[in-house]
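Trainee: I've got a model open and I'd like to learn how to read its packing. Can you walk me through it?
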Amino acid sequence: MREIRFFHTADLHLGSPFSGMRGLQKDQWKKLKDSTLDAFDRLIDYAVEEQPDFLLIAGDIYDGEDRSIRSQHRFQQGMQRLFDADIPVVLSHGNHDHLSGKWTRFELPENVHVFGESVSQFHLATRNGDVVITGFSYGQRHVKEPMIDYYPPAEEKEAVYIGMLHGSMEGETSHAVYAPFAKQQLLSKNYDYWALGHIHVRQELHMDPPIVYPGNLQGRHQNENGKKGFYDVRISGGTSQLSFIPSSVIQFDTINIDCSDLMHMNELLEACVSEARKFAERFGPGIVELKFSNMDQEATEMLKETSGEELMDTIRESFGLLDEFVWAQAVSFDDTLADAELTPLGEEIMQAMESWQLHDWKDVLKDLYRHPKGSRFLEPLNSSATAEIRAAAAQKIRLGMHMEE
């Protein structure tokens, strides 16, 4: 058998609403809103140029069960381009775009095979040999049973076997646990490659054979930072070669700002612009968190006298002079400030926040979330959201309520 080459992607989340992003100019907002679609176009462009034997999409093509017409149209256009280039596509739907959702359907071209809600096998005859691909789509949002039990073991020695699975490895807690599996269960099937989806962090769980999460094509918030993309995979003679191909249109990341020996605000702003320019030259457009490090007494006093909102507005205005779009989303502080001794009141507030559970946060923030106009701009209050609120509040308390030396 000659070399089999395919691309493995997952978690496109086309049509992501990018909730929580505020303050962007109209053109900046459009660039961000279109970023998942544009990252998808980069995948299609690369496929048409490189001509792989096929493309795998392991779940969550769309961000929601009610798939937007615009996202479906963009996806259908991409599939048509692959049809015209004679590139087959095998895909499954995940928990976000499960088959029970309600949407206006687009007909996909004949090169696209979509798995149903039961585990099944798809036999694909490529120009370089036979491939057997096993997978399933989510019939509803919550698939709690271990679907791996229904995957048959590899049988044909001359074919390449690939498993597609949108789910969580046992013990994984960063995402909701769906279709759980153990690594040994995957290895027991004797497949040549496992194309996983659902976890948005790129991970190579095993390399012989590869068991891989490619992550998503485009980050959607600060917790999905760094390079995003897909895998270009080659399999020949039982060996595999994987290459990660970046596709992000906008990169979420953290920029470190060294505050040592900074006495004046213009020095701080110059340092922020300098680091943002370096970031843009390396990665292109970005949405960044500025992490102020080495906060000595003078830097702390300078920031203590400045409102956070005014500081962010000034930093964003300064970034507007850059050649590339870099948006300052947040400011944080390293452990040098965290080590500062708090005032008794600050310590009392911090201890109270640490003890709060989700229901306590809901009670404290109930007036804000019940506001008839403002509440629609807020993200749902869950454990992840309260953790972010707690961290932001802690930074403000440490900045404004520390003991003087």
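Mentor: Contact here means heavy atoms within 4.5 Å. Keep in mind that this is a predicted model, where local features need pLDDT of at least 70, side-chain atom pairs count only at pLDDT 80 or more, and totals for chains, interfaces and linings use all residues. Residues are numbered from 1 along each chain as its sequence is written, and side-chain values use heavy atoms, without hydrogens and water.

Trainee: Which residues have the most contacts inside the largest nonpolar core?

Mentor: A nonpolar core is a set of buried (under 20% relative accessible area, 1.4 Å probe, protein chains only) Ala, Val, Leu, Ile, Met, Phe, Trp, Tyr and Cys residues joined through side-chain atoms within 4.5 Å. Here the largest has 34 residues, and F40, I57, F75 and M79 have the most contacts inside it. α2 (35-50), β2 (54-58), α3 (69-84) and β3 (89-92) each give it two or more residues. Another core, of 28 residues, lies apart from it and includes F279 and V288.

Trainee: How do I read α5 and α7?

Mentor: Two packed helices are described by the angle between their axes and the distance between the axes. The axes of α5 (residues 265-283) and α7 (residues 308-319) come within 10 Å and cross at roughly 50°. That makes α5 oblique to α7. Their contact has nine nonpolar, two polar and no charged residues, with L268 and C272 among those on α5 and L311 and I315 among those on α7.

Methods: Buried < 20%, exposed > 50% of the residue type's maximum accessible area, 1.4 Å probe, protein only. Helix = DSSP H or I, 4+ residues; strand = E, 2+ residues; numbered from the N terminus. Axes fitted to C-alpha atoms, helices over the stretch in contact; angles between N-to-C directions. Parallel < 35°, antiparallel > 145°, perpendicular 65-115°, else oblique. Nonpolar A, V, L, I, M, F, W, Y, C, P; charged D, E, K, R; others polar.
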